[in-house]
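Please look through the sequence and the model shown here before reading on.

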Amino acid sequence: EKEIDENDSPLIKLMPSQERFLKYYNQLFNSKLSHGFPQPTIYLTQLIIHPKIIGGCYPSIVISEGGVQVVEYRDLDTTRVEFDEAKISLRGTAVTGDIRIEIRDMGVIYHEPLVIFNFHTYFTNSENGVLELNRDELDIAHLDPEMKRFSETFFVELHYSLTRITQPTPITTLKRNEIKQDKQEEQDKHHLQSNEIKNEESNLYDQSQNQRQEEEEQQEQQ
């Protein structure tokens with residue numbers, strides 16, 4: 001039997017999701033499950049992206065099950081944003097088995113994925129209901145050593161429940177968007193006040209002109 005030098009480079013560089021599934025298979029092999037394994041259903045509630053994707057994006061979340069797309073969430077602002085943190089509601093989406101999640105940028109023509117990660121619901125039976133993956137554990141993002149789009153501290157959190165959701169799921173929020181909204185409301189208020197002042201000035205001018213015209217007519221009659 002040929003010994004393998006641990007220092008030898010592998011012939012094929014695996015994606016993080018592929019490495020994750022190899023670990024799954026290793027766990028199954030060690031557990032000696034010869035008749036398959038459970039395919040539990042979990043309920044996805046929220047995806048948190050933190051910190052920002054450098055350069056901004058219009059995030060869209062695509063969820064696939066067993067290679068078939070289940071749903072796409074893209075109910076965010078239609079503008080390109082560089083958010084500090086995004087919390088995207090997944091509305092208690094029920095998924096079972098092999099799951100693929102993509103973060104796409106709807107602001108580009110082909111809507112190509114920025115980040116992809118695959119997992120199996122059997123291995124997400126954590127009681128805290130959170131699957132956290134850092135940059136090096138995310139497909140595509142791990143191929144950014146110069147950190148042009150993803151910083152060294154970039155990670156995503158997938159929140160889920162092992163039971164069907166009966167309470168409203170978290171709403172979608174973008175921290176930077178909330179600030180922008182506050183600024184927009186302030187600008188709208190200022191614009192409204194400015195229009196009111198202009199209208200008042202216009203009314204005063206019209207009254208002055210009318211009064212002047214009346215005085216001139218009275219002088220002509222005299």
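The model is predicted, so local features need pLDDT of at least 70 and side-chain atom pairs count only at pLDDT 80 or more, whereas totals for chains, interfaces and linings use all residues. Residues are numbered from 1 along each chain as its sequence is written, and side-chain values use heavy atoms, with hydrogens and water left out.

**Aromatic rings**

The structure holds 5 aromatic pairs, where rings of Phe, Tyr and Trp (its six-membered ring) pair if their centres lie within 6.5 Å, and planes under 30 degrees apart count as stacked, over 60 as edge-to-face and the rest as tilted. One of these pairs, formed by Tyr 24 and Phe 123, is stacked, with 4.0 Å centre to centre and 5 degrees between the planes. Because Tyr 24 lies in helix α1 (residues 16-31) and Phe 123 in the loop between β6 (113-120) and β7 (130-134), the pair ties together parts that are 99 residues apart in sequence. Helices (H or I, at least four residues) and strands (E, at least two) are DSSP runs, numbered from the N terminus. Ring pairs also link Phe 21, Tyr 24, Tyr 122 and Phe 123 into a cluster. Tyr 24 counts as buried because its relative accessibility is 9%, and buried means under 20% relative accessible area, exposed over 50% and partly exposed in between (1.4 Å probe, protein chains only).

**Strand β8**

Strand β8 (residues 155-161) is mostly covered, with 7 of its 7 residues buried. Phe 155, Glu 157, His 159 and Ser 161 point one way from β8, while Val 156, Leu 158 and Tyr 160 point the other way. In a regular strand the side chains alternate between the two faces of the sheet.

| Strand joined to β8 | Bridges | Direction | Facing residues |
|---|---|---|---|
| β7 | 5 bridges | antiparallel | Asn 134 and Phe 155 |

**The largest pocket**

Among the residues that line the largest pocket are Tyr 24 and Phe 123, together with Arg 20, Leu 131 and Glu 137. The elements that give two or more residues to this lining are α1 and β7, and the largest share, 6 residues, comes from α1. A pocket is an open set of points on a 1 Å grid over the protein atoms alone, where a 1.4 Å probe fits, with protein on both sides within 12 Å along at least five of seven lines, and lining residues have an atom within 4 Å of a point.

Methods:
Pairing = 2+ DSSP bridges.
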